[in-house]
Amino acid sequence: SVQIDGFEKLTNTFVVESGAKKQVKIKLIYMNDAGFVLNITPPDALVTFDNNPIPGAAGRFESKDLPPGTYVLKVTHNDYFPYEQPLAVDSKTAASPLPITLKPRASLTLTILAFPAFYQHIDTTTGQEVGSGTLSDKTPLTLKDLYPDRAYKILATHPDREPLELPWSMPSGQTKDTREI
């Protein structure tokens, strides 16, 4: 048994024949106070550390005595966009709180009254199309996984009507909205 201050205790049994010379290599694992503290919003999010779920970690989680290295931290929740970040831990890593606030997912339920209609949904912040398709009846269409803090526009075309452009953004503090065009 070997115990050196600041290192993990090592216990191994070695059998060596009488008079024989054997070299034994011992790897010492440094114990440190390195760690991290997470403050997570929403408090019921799922936290994984290197793909291992950490039960009860939501809200506030503290980890100490981690071996130096880089870990992958993931925080997920069905109503929010996932968060993923590599976390470098070394002997100098302080356990100061790391605030993590997930961004909520927003959705828009859209009913196009004149059909058949073709629609395009565009994120005007990035200029990228986030959805498109054809609606053949008045069945409402729900556009999901939208950022509530971005501006969007919906372009709708119908064979017998002028094209329609509807600027849209999520009302402040909401994550769901309904529109008819």
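Biologist: Which loop does proline 42 lie in?
Modeller: Let's start with its peptide bond in this predicted model. The bond from threonine 41 to proline 42 is cis, with omega near 5°. Strand S1 covers 36-41 and strand S2 covers 46-49, and proline 42 lies in the loop between S1 and S2.

Biologist: And aspartate 50, is that one buried, partly exposed or exposed?
Modeller: Aspartate 50 is found in the loop between S2 and strand S3 (52-53). Its phi is near 55°, a positive value in a residue other than glycine. Buried means under 20% and exposed means over 50%. Aspartate 50 has 33% relative accessibility, so it counts as partly exposed.

Biologist: What about asparagine 51, buried or exposed?
Modeller: Asparagine 51 is also in the loop between S2 and S3. It isn't a glycine, yet it has a positive phi of about 65°. The cut-off for exposed is over 50%. With 58% relative accessibility, asparagine 51 therefore counts as exposed.

Biologist: Which residues have the most contacts inside the largest nonpolar core?
Modeller: This core has 17 residues. Strands S8 (106-111), S9 (117-123), S11 (141-146), S12 (151-157) and S13 (164-169) each supply at least two of its residues. Apart from it lies another core, of 13 residues, among them Leu38, Phe49, Ile54 and Ile100. Back in the largest core, the residues with the most contacts inside it are Ile112, Leu146 and Ile181.

Biologist: Why does isoleucine 181 count as buried?
Modeller: You'll find isoleucine 181 in the segment after strand S14 (176-180). Not counting residues up to four places away in sequence, it touches Leu110, Thr111, Ile112, Leu113, Ala114, Ile154, Ala156, Leu164 and Leu166. Nonpolar side chains in soluble globular proteins do tend to be buried together. The label itself comes from a cut-off of under 20%, and isoleucine 181 is buried because its relative accessible area is 17%.

Biologist: How much of the whole chain counts as buried?
Modeller: The under 20% cut-off for buried applies here too. The chain has 181 residues, and the share of them that counts as buried is 29%.

Biologist: Which strands are the edge strands of the open sheet of three strands?
Modeller: The order in this sheet is S11-S8-S14, with mixed pairing. Its neighbouring strands are turned by 20° against each other on average, direction ignored. An edge strand here pairs on one side only, which is the case for S11 and S14.

Biologist: Which residue in S14 does threonine 109 stand opposite?
Modeller: S8 and S14 pair in the parallel sense, over five bridges. S8 covers 106-111, and S14 covers 176-180. The residue in S14 that stands opposite threonine 109 is threonine 178.

Biologist: Which element gives the most to the lining of the largest pocket?
Modeller: The pocket has a volume of about 200 Å³. Its lining includes Ala106, Ser107, Thr142, Lys144 and Asp145. The elements giving two or more residues are S8 and S11. The one that gives the most, with three residues, is S11.

Terms used:
Residues numbered from 1 in each chain as written. Predicted model: local features only at pLDDT ≥ 70, side-chain atom pairs only at ≥ 80, totals over all residues. Heavy atoms only, no water. Core = buried A, V, L, I, M, F, W, Y, C linked by side-chain atoms within 4.5 Å. Buried < 20%, exposed > 50% of the residue type's maximum accessible area, 1.4 Å probe, protein only. Helix = DSSP H or I, 4+ residues; strand = E, 2+ residues; numbered from the N terminus. Contact = heavy atoms within 4.5 Å. Pairing = 2+ DSSP bridges. Axes fitted to C-alpha atoms, helices over the stretch in contact; angles between N-to-C directions. 1 Å grid on protein atoms, 1.4 Å probe; cavity = no way out; pocket = protein on both sides within 12 Å on 5 of 7 lines; lining within 4 Å. Points joined across faces, edges and corners; volume = space filled by probe spheres on them.
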